[in-house]
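Let's take a friendly walk through a protein model together. Keep the sequence and the 3D view open as you read.

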Amino acid sequence: MSTEPLWPEGYACIVRDSVDSTNAEGLRLAPDLERPTWILGLEQTGGRGRRSSDWQTPRGNFSATLMMRPTGTAGWSALRSFMAATALFETLALYTNRTRLALKWPNDVLFDQGKVAGILLETTTKGNEVDWLAIGIGVNLVHVPEGIKDAAFPPVKLDRAIDPEDFLLRLAGYYATQESILEQLGFEPIREKWLRHAARLGEVITARTSREEVTGVFRSIDEAGRLLLDTGDGERRIAAADVYF
């Protein structure tokens, strides 16, 4: 007999009927938060993705942000992108065949080769360390964003009417498990799990940075989450880029 998952211990949750952006709301609330807290917006009117792109979240889709205070450097905090991605993969796999899902470096989830979900990390700093980390997650459950043309990975929807609070319950549990793994075993088991679901691993891809375009065989990600490409000029390690294949 199946049992309903429990909300993870040590985490709080705030639900907003409508917000401009769950990341922005989380950063506004951060000074008054006492523990890691999920901010769920049932509607998001001014969401954003990477490079300040718009991310539409009409009612029925999913938008939430985890606010937390990680210890260590910005690089250590950035590993949460992979933790969020693996947690999101497992949550989505509850509602569809997992073979239709793949993780696209650095922070997207693909469904039948289209973009169904994205992750956006934002931080506030104190000195050289991260003070607050916002892990924003958006999923197209029943609506596809409008007005997006000529995208390399066109937006798609899961096409499942899922209660956002139920979805968050499962996602929060999977994510809390990732934090426990990181604390006890480090990043390596998370890296290995992410790679098991990575899109186009072992194949030729192109990484486009702000300065250049690098094409090579996608071999792995390293201990810092950097993309490892085998090129005609040797191995390249890329910290930030848009990936195409």
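How much space lies in the largest cavity? The answer is about 40 Å³. A cavity is a set of points, on a 1 Å grid over the protein atoms alone, where a 1.4 Å probe fits but cannot get out; a pocket is an open set with protein on both sides within 12 Å along at least five of seven lines, and lining residues have an atom within 4 Å of a point. Grid points are joined across faces, edges and corners, and a volume is the space filled by probe spheres set on the points.

Before going on, please note that this is a predicted model, in which local features need pLDDT of at least 70 and side-chain atom pairs count only at pLDDT 80 or more, while totals for chains, interfaces and linings use all residues. Residues are numbered from 1 along each chain as its sequence is written, and side-chain values use heavy atoms, with hydrogens and water left out.

**Spaces inside the model**

The count is one cavity of 30 Å³ or more. Among the residues lining the largest cavity are Trp-105, Arg-200, Phe-218 and Phe-245. The second largest pocket has a volume of about 490 Å³. Of its 22 lining residues, the closest to the centre are Ala-78, Ser-81, Pro-106, Ala-239 and Ala-240. Strand β6 gives the largest share of this lining, five residues.

**The whole chain**

The protein chain has five helices and 12 strands; helices (H or I, at least four residues) and strands (E, at least two) are DSSP runs, numbered from the N terminus. Its C-alpha trace spans about 50 × 40 × 40 Å along the principal axes. Of the 245 residues, 50% count as buried, where buried means under 20% relative accessible area, with a 1.4 Å probe and protein chains only.

**One residue up close**

Val-109 sits in strand β5 (residues 108–111). Is Val-109 buried or exposed? It counts as buried because its relative accessibility is 0%. The C-alpha atoms of Val-109 and Phe-62 are separated by 14 Å, and the two residues are 47 residues apart along the chain.
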